[in-house]
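Please read the points with the structure open beside them.

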Amino acid sequence: MDKQMTLWEHLEELRRVLVISALAMAVTTGIAYGFFRQQLLDLVTGPLKGLEVKLVYIGLGEAFMTQIKLSLLAGFILALPVILWELWSFVAPALRPGEKRIVLLIVFSSLILFGLGASFAYLTVFKFAARFLLVIGGPELAPMLSIGNYVSFLIAFLVPFGLAFEMPLAIYFLARWGVVSSDWLQRHNKVAVVAIFVISAAITPGGDPISQLCMAAPLLILYEVSIVVARLARPRSDNLVSTAKP
């Protein structure tokens, strides 16, 4: 009976977390749609400024659904502190102090790295990719971009960059757990270069060489950074052995 009551209490606590998170996101989404939907549209269409391209909508509900999609995304970002706090209040009691530090490191580091990757893609890479894709059609073809397809393409373009910037964090924990080492990463440098270009070609939504190259370049830099991270994060026993060697 105690175990059933304990399980029921956990389920009730989880339900409370989900309800509060959903309410917070509903409020922030409503605020984003009610007060900032035009600013959100200006933000996502910013990379097209100066390219003489006018976005259109080809379905009756496309413009409205695009505004809802952007408001939901903005609402999720605005509600993220509340969602993370609620999830933390649910998970933290079951964690030991050392585990709490690891979870906090993973969560905040991953969010920061993802934000850096998405911002880097938005501010630099996407403008070059958009210009290339619009020019490649030639003067005889006039671009007609729908707002829904454009926003979907932009999100699909930014997310891989955000995930790619998680590489140093992943390497840190893999090195910490002894799965990889800085020496191993250096030995497989050439294989990593080939793999990075293959991955860039696979996950870049545009499919054009400019986008793929712009994806591969920061990944190559992050790989070199990950080698340094792996050297700093290797287990203490390895550090002691290396310092003991003449």
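1. Helices here are DSSP runs of H or I with at least four residues, strands are runs of E with at least two, and both are numbered from the N terminus. Helix α1 covers residues 2-44, and E13 and R16 lie three residues apart in it, which means that about one helical turn separates them. The model is predicted, so to speak of local features a pLDDT of at least 70 is needed, side-chain atom pairs count only at pLDDT 80 or more, and totals for chains, interfaces and linings use all residues. Residues are numbered from 1 along each chain as its sequence is written, and side-chain values use heavy atoms, with hydrogens and water left out.

2. Salt bridges come next. The term stands for a side-chain nitrogen of Lys or Arg within 4 Å of a carboxyl oxygen of Asp or Glu. A search of the whole structure gives four of them. One joins the side chains of E13 and R16, with 2.6 Å from N to O.

3. Which residue forms a salt bridge with E86? The partner is R16, and the closest N and O atoms of the two are 3.0 Å apart. This pair ties together distant parts of the chain, since R16 sits in helix α1 and E86 in helix α2, 70 residues apart.

4. How open are these three side chains? A residue is called buried under 20% relative accessible area, exposed over 50%, and partly exposed in between (1.4 Å probe, protein chains only). E13 is partly exposed, at 28% relative accessibility. R16 is also partly exposed, with a relative accessible area of 31%. E86, at 9% relative accessibility, counts as buried.

5. Another salt bridge lies between the side chains of R96 and E99, at 3.1 Å from N to O. R96 is exposed, with a relative accessible area of 57%, whereas E99 is partly exposed at 29% relative accessibility. As for shared partners, salt bridges join E13, R16 and E86 into one network.

6. The next matter is helix packing. Axes are lines fitted to C-alpha atoms, for helices over the stretch in contact, and the angles between N-to-C directions run from 0 to 180 degrees. Helix α2 packs against helix α3 (residues 97-135) at an angle of about 160°, and their axes are 13 Å apart. α2 is therefore roughly antiparallel to α3. In this scheme angles under 35 degrees count as roughly parallel, over 145 as roughly antiparallel, 65 to 115 as roughly perpendicular, and the rest as oblique.

7. Are α3 and α4 oblique or roughly perpendicular to each other? Their axes come within 8 Å and cross at roughly 130°, and the two helices are therefore oblique. As to handedness, a crossing is left-handed if the near helix is turned anticlockwise from the far one by less than a right angle, and right-handed if clockwise. The crossing of α3 and α4 is right-handed, and α2 also passes α3 in a right-handed crossing.

8. On the surface, L73, F76, I77, I155, V159 and L163 make up a nonpolar patch with about 500 Å² of accessible area together. The elements that give two or more residues to this patch are α2 (62-91) and α4 (147-164). Patches consist of residues with over 30% relative accessible area and no salt bridge; like charges are joined within 9 Å, and nonpolar side chains (Val, Leu, Ile, Met, Phe, Trp, Tyr) within 5 Å. The areas come from the Shrake-Rupley method with a 1.4 Å probe, and for residues only the protein chains shown count as cover. I77, a member of the patch, lies in helix α2 and is exposed, with a relative accessible area of 54%.

9. Some C-alpha to C-alpha distances can be set beside sequence separations. L145 is in the loop between α3 and α4 and is partly exposed at a relative accessible area of 26%. L145 and L55 are 90 residues apart in sequence and 5.2 Å apart in space.

10. T6, in helix α1, is partly exposed with a relative accessible area of 37%. From T6 to F36 there are 30 residues in sequence and 44 Å in space, C-alpha to C-alpha. A202 lies in helix α7 (residues 189-203) and is exposed, with a relative accessible area of 62%. A202 and Q212 are 10 residues apart in sequence, with their C-alpha atoms 8.6 Å apart.
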